[in-house]
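Let's walk through a protein model together, one step at a time. Keep the picture open beside the text and look up each residue as it comes along.

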Amino acid sequence: MNTRTTSPSTTAVLDSPDRSPVSVSPAPVPDAPAPARGPARRPHTHRDAGGWTPACAIHRLLPGRGVAVLLRGGRQAALFLLTDGSLHAVGNIDPSAGAAVMSRGIVGDRGGEATVASPLLKEVYSLTDGRCLNVPGLTLPVHPVRVEDGVIHVGPAGAGSPGI
């Protein structure tokens with residue numbers, strides 16, 4: 001699209017359907033920031049000394065959907081709130097594809113065991129212990145999860161109880 005400035009507040013668009021210039025005003029700039037959604041208290045943005053990473057407020061999660069969490073050292077976790085209210089976190093990197101996609105996986109269960117299926121190759125992993133249920137030898141790291149003052153924290157893999 002060809003444009004030329006005609007004044008500080010308008011721009012002529014030269015590629016209109018009939019090829020004639022059209023004046024366009026820029027979008028207005030709001031005087032005040034938009035009101036924040038949710039409660040005024042925001043999750044901490046620092047990582048504490050024990051290696052736990054504040055992820056998000058629990059009310060921000062949707063049951064059956066995952067979110068990616070950036071952990072200390074650049075590692076990633078996939079955090080899930082299940083429909084029964086339990087929280088689970090596993091590694092976000094798909095072991096067979098090497099892509100950071102597990103947070104977009106399909107949540108389900110096999111025989112009462114909470115699972116997530118890779119959105120790429122559809123391998124199914126236990127959210128409890130990280131083992132792949134249909135390809136022996138593949139595993140996801142399992143991260144402990146805790147909630148403090150309504151904020152979900154994800155710990156380093158292998159540190160304590162995996163889910164709550």
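Predicted model: local features only at pLDDT ≥ 70, side-chain atom pairs only at ≥ 80, totals over all residues.

Residues are numbered from 1 along each chain as its sequence is written, and side-chain values use heavy atoms, with hydrogens and water left out.

Is Glu123 buried or exposed? Glu123 is buried, yet it has no salt bridge. Buried means under 20% relative accessible area, exposed means over 50%, and partly exposed is in between, using a 1.4 Å probe and protein chains only. A salt bridge is a side-chain nitrogen of Lys or Arg within 4 Å of a carboxyl oxygen of Asp or Glu. For Glu123, the nearest side chain of opposite charge is Lys122, 8.7 Å away. (Lys and Arg count as positive and Asp and Glu as negative; His and the chain ends are not counted.) Leaving aside residues up to four places away in sequence, Glu123 touches several residues, including Asp94, Val116, Cys132 and Leu138. Contact here means heavy atoms within 4.5 Å.

Now look at the strands on either side of that loop. β9 and β10 belong to an open sheet of 3 strands in the order β8-β9-β10, with antiparallel pairing. Two strands pair if DSSP finds at least two bridges between them. Strands of a sheet pair through backbone hydrogen bonds, either parallel or antiparallel. The edge strands are β8 (106-110) and β10 (124-126), each of which pairs on one side only. From one strand to the next, the twist averages 40°; angles run from 0 to 180 degrees between N-to-C directions, with axes as lines fitted to C-alpha atoms. Between β8 and β9 there are 5 bridges, in the antiparallel sense.

A nonpolar core is a set of buried Ala, Val, Leu, Ile, Met, Phe, Trp, Tyr and Cys residues joined through side-chain atoms within 4.5 Å. The largest such core has 13 residues, and Phe80, Val90, Met102, Val116, Tyr125 and Leu127 touch the most other members. β6 (76-81) and β9 (113-117) are the elements that give two or more residues to this core. A second, separate core of 12 residues includes Cys56, Leu71, Leu87 and Val154. In soluble globular proteins, nonpolar side chains tend to be buried together. Back at Tyr125, its contacts beyond four places in sequence include Pro95, Met102, Val116, Arg131 and Leu140.

Arg131 brings us to the charged pairs. How many salt bridges does the structure hold? There are 3. In one of them, Glu113 and Arg131 have their closest N and O atoms 2.9 Å apart. Glu113 lies in strand β9 and Arg131 in the loop between β10 and β11 (142-143), so this pair ties together parts that are 18 residues apart in sequence. Glu113 is buried, at 19% relative accessible area, and Arg131 is partly exposed, at 33%. Arg131 also forms a salt bridge with Asp129, with the closest N and O atoms 2.6 Å apart. Another joins Arg146 and Glu148, at 3.1 Å from N to O. Through shared partners, Glu113, Asp129 and Arg131 form one network.

Arg146 has a further partner: its bridge partner in β13 is His153. Strand β12 (residues 145-148) pairs with β13 in the antiparallel sense over 4 bridges. The two strands form a hairpin with 2 residues between them, and Asp149 in the turn has a positive phi of about 55°. β13 (residues 151-154) also pairs with β4 (residues 53-57), again antiparallel over 4 bridges, with Thr53 opposite Val154. In a regular strand the side chains alternate between the two faces of the sheet. Both faces of β13 are covered: Val151 and His153 on one side and Ile152 and Val154 on the other are all buried.
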